Amino acid sequence: MNLADIKTVEKLLKPLGFSFKKSLGQNFLIDSEVCPAMAESCADENTGVLEIGPGIGVLTVECAKVAKKVVAIELDERLRPVLSTTLADFDNAQVVFGDALKLDLSALIKEKFSDCDRVVVCANLPYYITSPLVMKLLESKLPIDSITVMVQKEAAQRLCADVGSRDAGAVTVAVAYYAQAEILFGVDRTSFMPPPNVDSAVIKLDVLKEPRVKVKDEEFFFRFVKACFAQRRKTLVNTVANTLGIEKGKIYEALNTLGIESTVRSEALTFEQLANLSDALC
């Protein structure tokens with residue numbers, strides 16, 4: 001069954017009366033080259049793959065061809081009969097129905113992948129949950145080696161930007177704290193059915209064994225970083241003072257001690273400078 005062929009997909013879905021739900025970000029991939037490339041970039045015969053949002057199973061099938069085991073988490077119960085059909089030939093693929101943002105992923109990984117040498121995440125993420133889901137995967141400190149996902153092109157550029165560049169934001173810093181990020185390749189909007197209004201890109205986050213830097217207070221660090229980028233047009237002093245309620249004098253003193261210009265904007269700071277400034281203010 002060629003799940004990258006539009007006629008095949010339509011023939012599969014029509015008897016079930018299935019219609020795409022825009023609210024769930026359902027745009028199914030019909031490019032025959034993308035999913036094999038994603039699967040091969042992250043998995044081998046000893047790997048357990050956790051997939052999120054399998055849709056009709058296009059990526060699931062490709063992962064099952066190269067990985068030891070695939071467990072896919074799907075929110076839409078309407079896809080149960082579809083996935084039963086598309087995954088019928090793969091004994092190493094299983095679907096768990098539920099909300100990936102609410103499930104205990106640590107327990108699921110422990111239960112499902114105990115016989116795998118390593119575990120990775122591979123997914124075509126619905127755009128509306130990209131950032132919260134990526135951050136849940138990283139912040140939960142799951143026993144995973146990497147996260148390979150397709151996301152909106154703009155999100156990919158933000159997630160993989162260099163900290164200290166104009167494209168960087170709070171999520172960039174958060175991702176860099178936990179992982180090494182890179183864009184693998186772009187995916188045109190015509191690769192989907194129905195086609196979305198934006199292009200996509202596949203990114204890979206290699207999870208670090210330890211956070212990139214040690215900070216005094218991790219919770220404060222992330223609140224501080226979020227505050228830094230809350231009002232991008234303002235200087236760091238003004239946005240941090242307004243958002244966290246820290247006295248400007250204390251912020252100026254910390255900047256001076258670290259040799260940073262008092263008029264600096266948050267986007268100009270390196271990862272290490274943000275970490276050091278956080279430590280000085282917590």
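Reader: Why is N124 called buried?
Author: Its relative accessibility is 17%, and buried means under 20% relative accessible area, exposed over 50%, partly exposed in between (1.4 Å probe, protein chains only). So N124 counts as buried. By the way, this is a predicted model, where local features need pLDDT of at least 70, side-chain atom pairs count only at pLDDT 80 or more, and totals for chains, interfaces and linings use all residues. Residues are numbered from 1 along each chain as its sequence is written, and side-chain values use heavy atoms, with hydrogens and water left out.

Reader: Where is N124, and what does N124 touch?
Author: N124 sits in strand β5, residues 118–124. Helices (H or I, at least four residues) and strands (E, at least two) are DSSP runs, numbered from the N terminus. Not counting residues up to four places away in sequence, N124 touches L29, C35, M38, I52, G53, L59 and M150, where contact means heavy atoms within 4.5 Å.

Reader: What makes K110 exposed?
Author: K110 has 69% relative accessibility, so K110 counts as exposed. You'll find K110 in helix α5, residues 105–112.

Reader: And E267, why is that residue called buried?
Author: With 19% relative accessibility, E267 counts as buried. E267 is in the loop between α11 (248–257) and α12 (271–281).

Reader: What makes a polar contact between the side chains of E267 and R232?
Author: They come to 3.1 Å. A polar contact is a pair of N or O atoms within 3.5 Å; within protein, one must be able to donate a hydrogen and the other to accept it, and residues adjacent in sequence count only if both atoms are side-chain atoms.

Reader: Why are α6 and α8 called roughly parallel?
Author: The axes of α6 (residues 130–139) and α8 (residues 170–178) come within 10 Å and cross at roughly 30°. Angles under 35 degrees count as roughly parallel, over 145 as roughly antiparallel, 65 to 115 as roughly perpendicular and the rest as oblique. α6 and α8 are therefore roughly parallel to each other.

Reader: What about α9 and α12, at what angle do they cross?
Author: The axes of α9 (residues 218–228) and α12 come within 10 Å and cross at roughly 115°. That makes α9 roughly perpendicular to α12.

Reader: Which residues of α9 and α12 meet?
Author: From α9, F220, F221, F224 and C228 meet F271, L274, A275, L277, S278 and L281 of α12.

Conventions:
Axes are lines fitted to C-alpha atoms, for helices over the stretch in contact, and angles run from 0 to 180 degrees between N-to-C directions.
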